[in-house]
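Notebook open, model loaded. I want to go through strands, helices and surface, one entry at a time.

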Amino acid sequence: MPEITILKRPREEAVITQRMFFKKTARGKVIKVLRERYLRDDISCGVNGCRACNTTAQTVLSRSGDTTHKEFPTGHYILPDTNVFLAQMDLIESNYFTPPIIILQTVMEEVRHRSLPLYSRLKALTTTDERKVWVFYNEFRSETAIVREDDETPNDRNDRGIRKAAEWYNAHLTLAHPPIRGQPNVALPKVVLITDDFANRQKADKEKIPCISVRNYVDGMKNSDQLLDLLSATGSDEVEPTRAVAGRTALYADYLPMSTLVAGVKAGQLHQGHFNANQYNYLEGNVPVPAFTKPVLLAGRENMNRAVQGDVVVVEVFDEREWKAPTDEVIDQEATLKNDDAEDSEEEGDDLIVHEHESKALRAQHTKRAPAEKQPTGRVVGIIKRNWRAYVCHIDSTSLTSSNATSLGLQTVFATPVSRLLPRIRLRTRQAPSLVGNKILVTIDRWEITSRYPEGHFVRTLGKAESKEAEQESLLLEFEVPYRPFGKAILDCLPPEGEQWVVPPKSAANPEWRDRADLRDLIICSIDPPGCQDIDDALHARRLTNGNIEAGVHIADVSHFVHPETAMDNEAAARGSTVYLVDKRIDMLPALLGTNLCSLRPHVERLAFSVIWEMTADAEIVNVRFTKSVIASKAAFEYGEAQLRKDDPKLNDNLTQSIRLLNSLAQKLKAKRMAAGALNLASPEVKIHLDSSESSDPVDVEQKALHETNSLVEEFMLLANTSVAKKTQESFPQTSVLRRHLPPPPTNFEKLQDILQKRKGLKLDVSSSAALADSLDKCLDPKEPAFNTLVRIMATRCMLSAEYFNSGSVSRDTFGHYGLASPIYTHFTSPIRRFADILVHRQLAAAIGYTPLHPSLHSKMHVERIMEVVNRRHRMAQMAGRASVEFYVGLALKGRNEREKEVTEDAFVIRTFRNGLGVFVSKLGLEGLVMFKRDTQFDAENYTISVPSSDIGRPDVTISVFDKVTVRIEVEKDKNTQRGRVKMTLVSPVDSRAL
């Protein structure tokens with residue numbers, strides 16, 4: 001019997017290998033966690049050919065390091081501390097910043113704890129092939145592992161661990177480069193600690209560790225001119241404040257401490273919500289909070305207190321006697337602050353002038369308002385979470401102190417964001433003259449209480465303003481659309497056969513056919529918009545021998561190719577949705593799947609997930625079944641083609657009969673939905689005619705034509721989604737992925753109700769979706785057929801947005817979809833372009849016993865986290881699509897302006913301001929402002945504005961909401977976006993150019 005020896009570890013060694021920390025549970029209980037860490041001495045340093053590391057691990061750091069820095073001519077590697085990655089990630093990611101980087105495990109963990117988005121960027125940096133980056137697990141290497149001392153803070157402990165690793169690396173390099181007998185000693189490369197923490201640098205100097213600040217390091221690089229502008233102001237303790245900030249009195253109140261904010265919100269004395277800026281008035285914003293039916297109004301710069309669009313803020317609500325009504329005047333930041341100087345804009349005299357101008361505007365807008373219009377009013381007292389990111393901007397050329405293109409002097413200039421919801425950003429750059437006329441990316445670093453504007457740094461140039469490439473990229477960045485190419489790890493998840501993949505022959509031996517229904521003989525077709533390549537859905541209908549009708553919806557079986565917890569699955573979850581622009585599509589999945597293997601092309605066998613109903617002739621559902629299937633679509637129609645086929649009396653083949661049968665059922669399904677209270681809302685949709693697919697130049701714009709077949713497809717997709725929602729919720733009541741549309745608060749409709757009552761004598765009943773649908777049907781103007789559509793568009797804007805949710809996270813009575821009048825709903829029918837649908841496919845497959853449900857979809861927390869991302873991506877995709885249409889409408893109108901002497905269109909007044917009108921051109925789906933420079937008589941209570949007549953001696957002309965007017969449309973360069981902006985002026989009933 002072999003002898004067994006048990007070795008006991010000394011107690012003092014246990015201290016090194018054990019990590020203890022405290023953790024708070026979901027119920028608020030504090031527990032002590034003790035973790036054992038196993039220390040090793042074989043963790044590689046990452047340097048090529050290191051003789052001291054007895055390891056076969058692949059290394060990435062060159063033997064001599066980087067020798068181009070003037071401070072370290074013998075070679076070096078950089079070892080940044082945590083704050084460098086938190087504050088200077090734009091610099092680290094730059095293609096011009098190429099020194100070999102050592103990232104410590106301590107730093108990775110601290111970045112993950114402080115900022116998940118930055119941690120994701122840092123992880124991406126470690127996997128890129130273009131950069132020399134090595135992750136060193138210092139917490140597991142015996143020589144670099146440390147324990148926290150009794151009187152040491154976690155931050156000080158981490159700083160000491162980073163210095164310890166830097167010290168070890170420099171000592172280790174002497175072993176990696178031992179002297180060779182008979183040869184002169186070679187100067188060794190250094191591992192340089194990069195930190196902007198002055199105290200940390202002092203300690204490093206004392207311990208003889210090479211260290212340097214970020215700015216000083218960049219100054220010594222050969223391409224410092226391109227890199228200095230990337231430095232974040234918050235990351236450096238050596239950056240001089242601008243003269244505008246230094247020595248100034250406070251313009252804003254300090255934020256309350258975080259502990260006070262949390263306690264105040266918990267006690268109900270303070271309120272938390274997202275800050276929304278006012279697109280018409282830069283001096284006003286609001287914060288929706290649960291405690292009030294109307295959002296909390298923030299009137300004035302001081303009360304908004306440095307909040308930026310999307311920030312999670314805490315507000316204090318004033319006494320009800322101080323409540324005010326929202327603005328009724330357009331106040332433009334560009335016009336009010338056009339003479340501001342970027343460097344000296346906080347000078348005492350300038351500040352007083354601007355303050356007086358802004359105060360006057362605020363006083364004017366809040367006088368003579370009805371008490372009913374007033375809403376909770378307050379001020380921001382703290383920020384819970386900043387929404388700062390890289391913003392698309394352009395340099396305001398009037399803020400340059402020197403326009404000499406060769407000047408490399410440091411200038412302070414204004415960067416004007418594309419979005420009107422954002423403030424101008426003060427920027428210090430050496431490239432200002434060369435950046436004028438370009439779209440650029442700028443990140444906000446800080447906003448001091450002494451500064452009217454936030455300060456930021458330059459990230460990169462996107463290209464010339466108005467160039468299609470720069471505009472397209474800026475649009476994607478503006479709405480945070482992920483558009484990077486799919487990486488190798490993702491493409492490796494695709495079938496190895498590539499485009500040659502086919503459904504294998506039917507056989508029990510082929511796993512693709514396991515438990516699949518063979519529906520290849522059914523007369524199935526798809527009906528889609530023109531040019532559709534990613535065909536998600538197909539349909540069929542046929543009469544049964546018992547007199548009933550079988551109808552089926554067949555959806556691309558994407559989940560067969562996209563497996564949980566793979567690189568492709570993670571990427572699809574991060575993208576959330578395909579984004580459709582006018583001339584481009586940003587796919588959620590690689591094109592091989594989206595437009596080929598999953599797309600239900602005609603005359604090709606494809607894997608599908610089918611929902612098949614047996615119905616009576618009156619569209620009453622007898623039963624429904626769900627099955628994985630194999631189909632072979634017989635045709636792919638555009639909406640117009642399917643409509644012509646349905647209407648052609650000469651055609652009576654099986655495919656045409658199937659379309660007619662589907663249409664007959666769809667009409668009855670829709671009638672039932674409408675009777676149940678479903679809303680028939682409207683949104684402005686236009687079609688852009690492009691010159692050619694190659695040039696993508698727009699030549700004309702028209703309203704989208706809607707066919708009966710549009711409704712046919714819509715009704716069956718709604719029915720499939722509802723049927724699947726019931727099935728998955730029954731099977732997985734705690735984690736089912738559903739979609740809901742909450743009823744809007746009645747206060748959302750107050751203004752529209754008042755306008756309809758006063759201007760048209762119409763009543764809008766919002767007591768239920770059925771009552772709203774009925775009263776919308778009665779909003780008619782015999783003289784103007786388009787009036788009803790206009791009211792529906794305005795009613796749509798009063799609604800809340802629909803959202804995905806986890807069924808176990810909300811009460812059962814909030815599952816309903818208000819707009820569809822359905823008690824339960826989900827998205828199942830578009831898995832090629834929506835990630836939520838892929839999750840629903842997985843849950844439905846498990847519900848019918850086809851495959852077990854992946855463990856991640858049993859976790860409420862996991863599903864909630866994905867729903868949060870998917871909801872955000874869905875909103876952003878919609879906004880990006882609308883912005884793309886708006887851009888191309890502008891280009892098309894610019895072309896019309898060049899071809900025609902004057903472009904005029906009919907429009908409806910949808911809003912009145914003290915100094916202008918909001919109008920809607922239904923033909924173009926375009927909304928715009930008509931501004932008046934002369935004094936007008938504004939009646940806020942009756943939504944009218946009286947302007948002087950164009951004809952001398954004639955009485956003033958009164959214009960009201962819902963009036964039909966004629967507008968002149970021109971395209972001029974927008975000061976914010978630097979794109980062509982549509983400018984509207986009145987032609988009738990009065991020529992506003994004289995006003």
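Before I count anything: two strands pair if DSSP finds at least two bridges between them. Helices (H or I, at least four residues) and strands (E, at least two) are DSSP runs, numbered from the N terminus. This is a predicted model, where local features need pLDDT of at least 70, side-chain atom pairs count only at pLDDT 80 or more, and totals for chains, interfaces and linings use all residues. Residues are numbered from 1 along each chain as its sequence is written, and side-chain values use heavy atoms, with hydrogens and water left out.

**Entry: the open sheet.** I looked up β36 (residues 944–947) and found that it pairs with β37 in the antiparallel sense over 4 bridges. Ser946 has Thr958 in β37 as its bridge partner. Zooming out, I get an open sheet of 3 strands in the order β35-β36-β37, with antiparallel pairing. β35 (937–939) and β37 (957–960) are the edge strands, each pairing on one side only. From one strand to the next, the twist averages 20 degrees; for angles, axes are lines fitted to C-alpha atoms (for helices over the stretch in contact), and values run from 0 to 180 degrees between N-to-C directions.

**Entry: the barrel.** Here 5 strands close up in the order β14-β15-β16-β18-β17, with mixed pairing. The twist averages 50 degrees from one strand to the next. I checked β14 (residues 390–395) against β17 (residues 438–446): they pair in the antiparallel sense over 4 bridges. Val392 stands opposite Leu441 in β17. Which strands does helix α15 lie across? I found α15 (residues 468–478) across β14, β17 and β18 (455–464), running at about 140 degrees to β18.

**Entry: helix α17.** I listed the buried residues (under 20% relative accessible area; exposed is over 50%, partly exposed in between, 1.4 Å probe, protein chains only). In α17 (residues 567–575) they are Met568, Asp569, Glu571, Ala572, Ala573 and Arg575. Their cover includes α16 (488–491), β24 (585–586), α18 (591–597), α25 (835–847) and α26 (860–899), with contact meaning heavy atoms within 4.5 Å. Just after α17, I noted Gly576 with a positive phi of about 80 degrees.

**Entry: Val262.** I placed Val262 in helix α10 (residues 258–267). Is Val262 buried or partly exposed? Val262 is partly exposed, at a relative accessible area of 49%.
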